[in-house]
Amino acid sequence: MASVLDNDESLEETHCSTSSERKSHHSNKVKQNLITRLNRIEGQIRGIKGLIEIDTYCDDVITQISATQAAMNSVAKILLEGHLKECVVERIQEGDLEVLDEVLVTIQKLMKK
């Protein structure tokens with residue numbers, strides 16, 4: 001399966017804590033990529049709001065909403081890939097199989113949308 005990350009974006013520095021704090025630690029490249037994407041999405045949301053304020057044709061607004069949803073899905077895929085390759089593998093190697101149920105619930109949430 002092809003990676004959703006650009007070739008120069010390594011997950012090597014990514015790992016999730018299995019302690020009660022449950023933090024994710026992404027490499028600076030991955031984090032900056034996610035922030036850039038989210039900033040773009042934030043702009044898209046403001047643009048959609050502007051389209052509604054000026055009474056833009058509904059189909060055009062819906063098209064922009066669809067593009068924004070696709071962008072959010074892209075962010076989720078990047079996060080999910082890193083989570084599976086690092087956090088989930090690490091926890092399974094430590095004998096924590098409950099992480100599989102957690103991942104299944106997360107995937108179900110993503111697929112509802």
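Helix 1, formed by residues 28-53, contains 26 residues and extends 37 Å from its first C-alpha to its last, close to the 38 Å expected at 1.5 Å a residue. The structure described here is a predicted model. Within helix 1, the buried positions are V30, N33, L34, I41 and I48. These buried residues pack against helix 2, which covers residues 58-93. Just after helix 1, D55 adopts a positive phi of about 60 degrees.

Helix 2 comprises 36 residues and spans 50 Å between its first and last C-alpha atoms, close to the 52 Å expected at 1.5 Å a residue. Along its course, helix 2 bends by about 40 degrees at H83. Nine positions of helix 2 need to be listed as buried: V61, T68, V75, I78, E81, G82, C87, V88 and R91. Helix 2 is followed by G95, and the phi of G95 is positive, near 90 degrees.

When residues up to four places away in sequence are not counted, I41 touches T68, A71, M72 and V75.

At the level of the whole protein, the model contains three helices and two strands. Read along the sequence, these elements follow the pattern β-β-α-α-α, so named in order from the N terminus. Buried residues account for 20% of the 113 residues in the protein. The accessible surface comes to about 8,300 Å², and carbon and sulfur atoms hold 54% of this area. Contacts were also considered according to separation in sequence. Among contacts between residues at least 6 apart in sequence, 54% connect residues at least 24 apart.

Conventions:
Residues numbered from 1 in each chain as written. Predicted model: local features only at pLDDT ≥ 70, side-chain atom pairs only at ≥ 80, totals over all residues. Heavy atoms only, no water. Helix = DSSP H or I, 4+ residues; strand = E, 2+ residues; numbered from the N terminus. Buried < 20%, exposed > 50% of the residue type's maximum accessible area, 1.4 Å probe, protein only. Contact = heavy atoms within 4.5 Å. Areas by Shrake-Rupley, 256 points an atom, 1.4 Å probe, with all protein chains shown as cover. Expected span 1.5 Å × (residues − 1). Bend = angle between axes of the 7 residues up to and from the residue.
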